[in-house]
Structure formats: C-alpha cells, structure tokens
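Subject: A structure for you to explore

Hello,

Here is the structure I promised to pass on to you. Please open it beside this email and look up each part as you read.

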Amino acid sequence: MVYITVNDLTQLNAVGAMQLPRFMTFVLVISCELYRAVAGPGAGLKTWERFSKLDYPGDKAFLYDTFPDNFMWAVGTAAYQVEGAFEKDGKGLSIWDTFTRGGNRIATGDVGSDSYHNTQSDVRALKQLGVSHYRFSLSWSRIFPNGSRGSYNEIGTNYYRTLIRKLKEINVQPVITLYHWDLPDNLQRTFGGWSDPALVELFRDYADFCFQTFGDDVKYWITIDNPFLVAWNGYGTGKVAPGIKNDPDLPFRVGHNLLKAHAAAWHLYDRHYRSQQQGKVSMALASHWIKPSRTRRESLQACQWSLDFVLGWFARPLFIDGDYPPSMKHNLSHRLPSFTQAQRDEVRGTADFFALSHGPSLSYQLIDVSLKFGQIEVLDLRMLLYWIREEYDNPPIYIVESGWFVQGDIKTEDSKNMYYLKRFIMETLKSIKYDGVNVIGYTHWSLLDGFEWHREYDIRRGLYYVDFNTHNLKRRPKTSANFYKKLIQKNGFPQLAENRPAQGVFPCDFAWGVSANSIQVETTPTQFVDPSVYVCPGGDHPTPVDPSGDHPHPVRRSQCVCVCVQVETTPTQFVDPSVCVCVCVQVETTPTQFVDPSVYVWNITGNGELRRLEGFQAPPLRRAQHCADYATIRQQVEEIRRVGVNHFHFSLNWSSLVPSGNVTQPNTTLLGYYRCFTSQLHQANITSMVTLWHHTRQRSSLPAPMEAAGGWFNRDTVVAFVDYARLCYRELGPHVKMWITLNEPNDEDDVSPMEGHQLLRAHALAWHAYDQEYRHTQGGQVSLALHMDWVEPAFSFSREDVEPANRVLDCRVGWFSEPIFGGGDYPPRMRNWFHQRHSLDLFHYHLPLFSDEDRQLVRGTYDFFAISHFSTQLVTPTIEENKLPSRLGVQYMGDITWIRSPRPNAPVVPWGLRKALNWVEERYAGVAVYVVANGVQEDPPADDSLRVYYLYSYINDWFLKQYGVETLFSPGMISPSYGAYILDGVNLKGYFAYSLNDQRDPGFGLYGHVQDEEILKTSLSQYQNIIRTTASLSRGPLPRPRSAPVSLYPARGVWS
C-alpha cells in the first residue's frame, strides 16, 4: 500500500484554485496499481486535456501569493560562458576553446565575463540580489587540464575553493555542476569524447575528486547539464561543441554513455559521501513544450512522443525503469543502444530531485523540426511542470535554469527579459498553488552577460550588464536584477495593502450606463393606430389579444378573423349584439397595416356565416405620427432598459443630420427620429448622454463639403460645428441632460496638432453656446470625452522609463485636458518634446501657440471629465533592434503575464483604469469623472467568459465584501473604479459599459446577433447583477469569475 498526501484537490476537478476555499489536507490510501493509473509513465498525456478545461480567463489571471518558506531562489552561470582566463594558471583547453576557433565562428569565450579575475564583483552581485543559492559549473579542464587526475591543477582548484568560501561568507549555498558542456579537449582528441564508454570511468574519477574536495560545503550537485543538447547537437547536428555530425547513430551512443556516467557518479556519492555530506545529486534535463496542432488524439500522442524524445530520453531511465521510452524504442529499434538488466538497475533511481532546465538554450533554438512530430512548440513552463509531475510520479522539481534573453545591443533596460522572468516565476507559483507540483527552487539564468554558446555575444541573458568594451568588464545591475531582488525579498507576489477589501457604497445618484458608438436608425414608422388586436366573442366586451399567447380565438398570421377596431368615425350600431364587425387583418408581432378594408357580418347565433357587406368599407386609419410608432426605437429602448442602467451614451451622425453642413437644411426626418429616441429614453427614466462628433479612423464623420474643404484644418468647420451643436441643443436638449461635444479627439496617430488646436476651439465655442443660451432652461451639462488607455513604465522604479510614460500621457491626454481643465495651454512636457522634434524637422512637428483670446476661450469649458478606457500598455525608451520608435520616441510593449484579448495590443489590465482615474484626480482635484466607455472585444459566443471576467475585474469585486460574504470571493481585490473612488478620493460619478450590442460595435456587445437572432450574452446578466446589487443587497450574491485579477504594480497614485 502507498500513502499519498494531496494538498490541493482542485487539480482533480480541473478548476482554478481561486474558485473554492482552500481544502483541508486529505490522506488517500490507495493501491500501487490504482496510483499508477493516475500518475506514472504515459500519464502526462492527460496534461493537454486538463489545461484545456481550466477556467478561462480566471486561470490566466495573475496570482497574488507567495512561495513556500524554504523555497530556494538562485541564479546560475556556466564556466565557459563567464570565467575567461582560458589558458591561465595551467588550465587546459576544452572542446569549446577548440570549437570556437573553427568554421565560420567569429567570437570566443576566451575572456567571457572574466569571472576568474572578478570573483569579488560576482559575489557582490549575488549579495545585492539576495539569492539563497548560486549555481555554477566547474571547468573540468581547469582542475584536470588533460581530463585525468594525473594532470591535477592546484591553482585552478583553489579558484573554486575561494569562490565557495566567499559564497559561505554571504550565506549563499553553492549548487555545483560537474559538467556543463566543456569537456577537456584532450579527451575528445584521445577517445572521441562521449562516444567512448571510457569516459564513464574518467568522469567518475573527476566526480570523486570534486565530491571529496568541495563536498563538505555543497548540498546540491548536478552531474551533467542538458545531456540532450550534448548528444543531439554536439554529436549529431554539430551546432555546438565538439561539432560532430553525419553519423545518425552517434547521438544515441553518446546519450547512453552520459546516462551511465551520471549513474556512476550518483552511486559513488551515495556509497561514499552522502552519509557525511548530506547532499543531493541529479542530472539537469532540459525540455521544450509542445501543443497539438489539432484536437485529435493522434496529435496528443505526437506531443507525447516529442517530449519522450527530448526529455523522456533521459528522464525515464532515471525516474522510472532504467530504460528508454517505448516510443523511442519502437521508432529507433536498430539505432538505440540497449541496457542490460544490470545496467537498468544501475541507472534507475539515480536522481534525488528532478533538475529541470528551461529556456532558449534549447527551446526555439536547438530542437529539430523532426522532433516536434508535426506539432507546435510554445513556451509554457507551467504545463511542462505538470507533465513532469504526472509522468514521473510527482518528484521534487528544482528549476536549475530558466529565463529568456534580449538582443546584444540592449544595456541595462532589459524590460523584455524582466517580463519573461515574471512570467516564468508566475507559472511556477501557479504550478505549486493550483496544480500541486512539488517545485522546491527556481534558478534564473544567468547572473551575468557572457558568451552565449552558438549565439556568441548576439544575445544577453544576464541580470547584470557586462560592458565587454571596458578593461575590467564592469558589471551593472539591469532592471531585471532589481525586479528579481524585490521578488526574492517578498518571496513571490504578496497581496498589496491597497488591494484588500474596502468599506463603502457607491452614491445613490451614481450613473450606471451602457454606451454605443451609434444607434440603429429606421425612419419608417408603424402605420397602426393601436398595435393591439381585439377579439369580440359573442356579445362580450372586446379583449386584447396577445399574439404570442393562448386565447379562445387565436389570432393567426395573415388570416381573416373577426375583430373590433377603433376608427376615427362612429361605427354603425348593429341591432343584433351577436353580430360583430369583422375585418381581415394581417396580424404580426408588430402590426403594420390592414390588408382588407371590407366589413363583414358574422351570424354567430345562427349558421356562423361570415358575409361581406357590399358598399361598406372600414375608414382609413389616419393620425399624426407618434414616437411609439418607431419599432426600432421601441426595440432599442427595451434593450437598454433590460440592462438595468439609468444612462445611455450614444453618438449622433453629423454628416447625416446636416449633409450639406448648413444647419438651415437639416435632415428633418432623422432629426425627428433622434428626438423620439431621446424622448423615449426619458420616458423610460434613462438619461441620455449624447455625443455630437465621434472621431473614427475608418471614415470621415464630417459633412462631405467640409471634408472636401480641408476638414478641421479649415476654421469654417469650427463655425459650422457650433451651429450644428446649437441645432442639436435646440431640438434634442429638452430630453438630453449630458452632452459630449467631441468623442476621443485625442488620437495622436490620426489627428495632427493643428487639427487638435481647431478641435479645442470647436469644443470651447460649443460649450459656451450651451452655457449662454440653453443651460438656464434645459439644465444640462457639457464636456468632451478623451480616450485614456493607461501607459505604465516598463519598470516603475526606473526614472528612465517614468519620464517617457509621463510624456506619453501628456501628449495623449494632457494635449486636450490641460488647455480645458488646467491652465489653458498645452502641457510643458509636451511643448518641450515638440520643440526638440521640430528643431530636428522630424515628422513635421509643430505645436500651435494659444493666443490670449483662445486661452480664455478654452479654459474651464467643462462640466465633468469623461474618459473612455479599454486597456494598458507598457512604455520604455529602450528601442530594440529592428524596431522603429513611435512618434513620441518610445517603444510600447506588454506584460506577457497579462490576459490577452482578441484585439491586438489590448490586454485585460484592471488596475490601469484605477491609475488613469488617479492621474485625473492628481491633476484636476475634485473634478467629476465619468468612465463613458469601458469594455473588451471578444468573439461572438453567448458565453462570453472574457467579458464577464472583464466587467467583474473592473467594477464588481469589491462590493459584497463589506456585507460579510467574503467566503464567496477570493480576498484581496478592490475593483479599480471603486478602489479609486474609496481609497484615492476620486470623484467618480458614473461608469458606462461598452457596448450595447454587436450589431453596432462588433465583438463588444452585451447583446449578440446570430443570423438576425438576438442573443443575450452571459455578460449581460453579469452587468445586470452588478447594478442590482448596488441598489439592493437582498437579491443574493453575484456570479463571479474563478480568479481575482491582480497586479504587480502599486495601485495608489500614479508611480512610485
């Protein structure tokens, strides 16, 4: 019998751990046979199915949590990459010293990072990081220059003694790799390297010396690093040293000898050193990750084979049965060496932990297409960790190499590397907390920039920048080093104080709204006076008929039935009350017209005959049109009403309302339609927020004559806009209480500074027109709406990144906000930037000057601050190779841990909204703020889980916590909008979800449409519940996504 402890049973149900409260520890007693059915050889095959069923997008959300208390944080290096001094103090040549001097190779590792002469600098860097462990490799040829004990080099050995002693002084434990690809060249020339079994005993003797010499101070040993790469690429493809190729069987003979050499070293340690030194020994195995190209089982099996051929080649012999995976034996029967039973017994179980290497040294670099079996290679450390857990009976996993790279010209601002580091650590944390994987440590690769093998110096992987052009190869910490340091200090991603539950409620007059770019317009009204149809059975009083319901005399579509109709003239009085006037009508859900004006007599007490009265016709039904006659208005108002909002934001179409641009020639029919629409909203107790001009990139929204005359460059367009605004105020104002003059005019990629200047004047003049002529009678408010996606410094603690982020915000948002809400002029930072660019004549930069008159005209022309917000970007001044800087001299990027949406460069980043609101409050204290559009694009399915999550993340997670139902929710997340309202003092007055339906705003709607059928999406119910809960707590808890959104960044204020 086997006793197994399962700490987190959520993995068995394939749900995120944040969905349910933490489980108590269960002890399961099961037989060995049953356990092997759950985990063991081949069990990794279920990994892809399990992860495909996890909650989306909740499972992808960033997890706030910390690692176990004894978790090992490390960095690593390899001797040939960093040591240098390749011929100094008696060191012998390695195969890399020889390999880099042949073929088309340009650079060598002769100097590398010169760690041989910079031990103190390296130790200082380790101390600054605060790591608990440092993984480094010994140079076999520095200790035994010709590869054998007889060539022992005392000076080389003392170098490592000194390094270990200095590590102990700063309480950093060494993790030593005996062999990291740099075989003594003499062994390669004498024996043919690892192709000869003689190296098994030579390696054992080398290991014996190292265990004896250094073992008292070393608790973790790696015998051989990445045997797959050594065998496949060193002796197969020839891409790395020793560069041998053209013998297809050689890699498998080499792999065979590597396994036997490792096993020999492990048994040596186990028999002679373990009891005294109490260390652990393993072999570092590298792997990629692969996903199926199709959903068929054959594709899953191909993925399993790919992992078998790369990772399983060495892992199965060590952790399972001492033999190769069956898939390899089946496909390579004539090429794969075989183990005797004694050899299998010797190899099996010779790993005290699973040492996993993951990163670009293998992934995407040195995996042949043939080893992917037609499947797709992807980066997914979490799934790889789970696969190892299932395939190899849940071993303790020490990640002994992980990380990514930046191009060689990048210096200390390595934001890309930092975010990959963040991603891999987050995936490791989730594997521990969600998947029950026993990960005991994480090693970032590497400590220093160095020689990157076949990539030479084209890429950098270090946390510390090494200036290879300086005499002493000076080291400087990169942004990734500062990030890793802070992460180690916190032991992960602990919950921030500002993301803990808050007390409070939204004010009673809070504006809950929904927005749409436009509304559906159909200007042909219904012709029926009364849409009801009345049945007169016998002498009874007429009763209304519900065409969709059941009644004694069903009304069928396009059928002649007896009805009583209301007409303008007095109908004939029938003597016999049993006889009724009957009319043939075409009955629809929305009736349109009578199809037969004839009058019929129905002898209901006699033979039931229906007889047409000659010479009689029902009089025509005429009356003035009513707003209720528009079926499309009724339908849209009903859709809005069903959402449960009290505000609706939509845009008018200037070019359709005033096609000629002359307000004396408006489209009266369309104007009447808009008038009816707003009046019907008013009757439904829904406040209209109406935009006069909506900026669009796809097409011009100006009247054609104005577009032809220069658009917003022409000052006449400003005058025409103000006239158009007066027309709308006059005709629609009685039913509209909130006006947006310009919606998102601050598009710096599509609107020039000169156009923006005229747009500001147009807004100001329209605001003054309302203020002076209509406000006293209509009592409305006027402002403009600015697009305000947040931009975050790629590294918030770097001045170099904070300044560009401030510049972007000033040039995007401050461009319009500062003249109106601030001092009446453009932000100084924007002026300085444009002045610098203009002096260089770049992109024709020119920022207009405000006259005193215009400054007075524009300043203060607002009643509230309206923003539309959808997502967040990172910004850095460091421009990567082959990428052009933006107009503002920065590079935009994303955090790869953010949840992605189908819309390019629009991830789900809830805290971005809160920071945007704080930015507004810090600059324009106390101003009333409305978020007039906030939403995410998602493909049409009714179960729009991403939008449900998005709405929840941005506005809802805080609410019920204050009422004692925190067990329904994961602790620690305030909605960004509410967090800003309560914690930050933002005068937030309203929130509008974007958008109403997919017909007008494809992919964003709460309502979907499939083949003209209206679909009520799940997000609609979510938003309804959010709104209802703010009004009444008796309606029960809200449905929520399974994981709460989190941020690595401080939410209070803008930047630290």
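Is Pro 325 buried or exposed? Pro 325 is buried, as its relative accessible area is 1%. For this term, buried means under 20% relative accessible area, exposed means over 50%, and partly exposed is in between, using a 1.4 Å probe and protein chains only.

Before we go on, a word on what you are looking at. This is a predicted model, in which local features need pLDDT of at least 70 and side-chain atom pairs count only at pLDDT 80 or more, while totals for chains, interfaces and linings use all residues. Residues are numbered from 1 along each chain as its sequence is written, and side-chain values use heavy atoms, with hydrogens and water left out.

**Around Pro 325**

Pro 325 lies in the loop between α13 and α14 (326–331). Helices (H or I, at least four residues) and strands (E, at least two) are DSSP runs, numbered from the N terminus. Leaving aside neighbours within four places in sequence, Pro 325 is in contact (heavy atoms within 4.5 Å) with Asp 308, Gly 312, Trp 313 and Arg 316. Trp 313 is twelve residues from Pro 325 along the chain, and their C-alpha atoms are separated by 6.5 Å.

**The chain overall**

The chain has 1056 residues, and 59% of them count as buried. Its secondary structure comes to 32 helices and 38 strands. Among contacts with a separation of 6 or more, 76% are between residues 24 or more positions apart.

Helix α10 (residues 227–234) is mostly covered, with eight of its eight residues buried. Phe 228 and Trp 232 are among them. The buried residues of α10 pack against β6 (173–179), β7 (220–225), α11 (250–272), β8 (280–286) and α13 (297–321).

Strand β10 (residues 354–358) has five of its five residues buried, so it is largely enclosed by the rest of the structure. Phe 354, Leu 356 and His 358 are buried on one side of β10, and Ala 355 and Ser 357 on the other. What does β10 pair with? β8 and β10 pair in the parallel sense over three bridges, where two strands pair if DSSP finds at least two bridges between them. Here Leu 285 stands opposite Leu 356. β10 also pairs in the parallel sense with strand β12 (residues 397–402), over five bridges. Ala 355 has Tyr 398 as its bridge partner in β12.

**A sheet of three strands**

Next, look for an open sheet with the order β31-β33-β34 and mixed pairing. Its edge strands, β31 (790–793) and β34 (891–893), each pair on one side only. From one strand to the next, the twist averages 40 degrees. β31 and β33 (residues 872–876) run parallel and are joined by four bridges; there, Glu 792 stands opposite Leu 874. Helix α17 (residues 415–433) packs on the sheet, touching β31, β33 and β34, and its direction makes about 10 degrees with that of β34. Helix α26 (residues 799–821) also touches β31, β33 and β34, and its direction makes about 165 degrees with that of β31. For these angles, axes are lines fitted to C-alpha atoms (for helices over the stretch in contact), and the angles run from 0 to 180 degrees between N-to-C directions.

**Rings and charges**

How many aromatic pairs does the structure hold? There are 86. Rings of Phe, Tyr and Trp (its six-membered ring) pair if their centres lie within 6.5 Å; planes under 30 degrees apart count as stacked, over 60 as edge-to-face and the rest as tilted. The rings of Tyr 729 and Tyr 770 have centres 4.8 Å apart and planes at 75 degrees, so this pair is edge-to-face. Tyr 729 is in helix α23 (residues 715–732) and Tyr 770 in helix α24 (residues 753–773), 41 residues apart. Both are buried.

Finally, the charged end of Arg 807 sits over the ring of Trp 833, 4.1 Å from its centre. That label requires NZ of Lys or CZ of Arg within 6 Å of the ring centre and within 35 degrees of the ring normal. Arg 50 does likewise with Phe 51, at 4.9 Å from the ring's centre.

Enjoy exploring!
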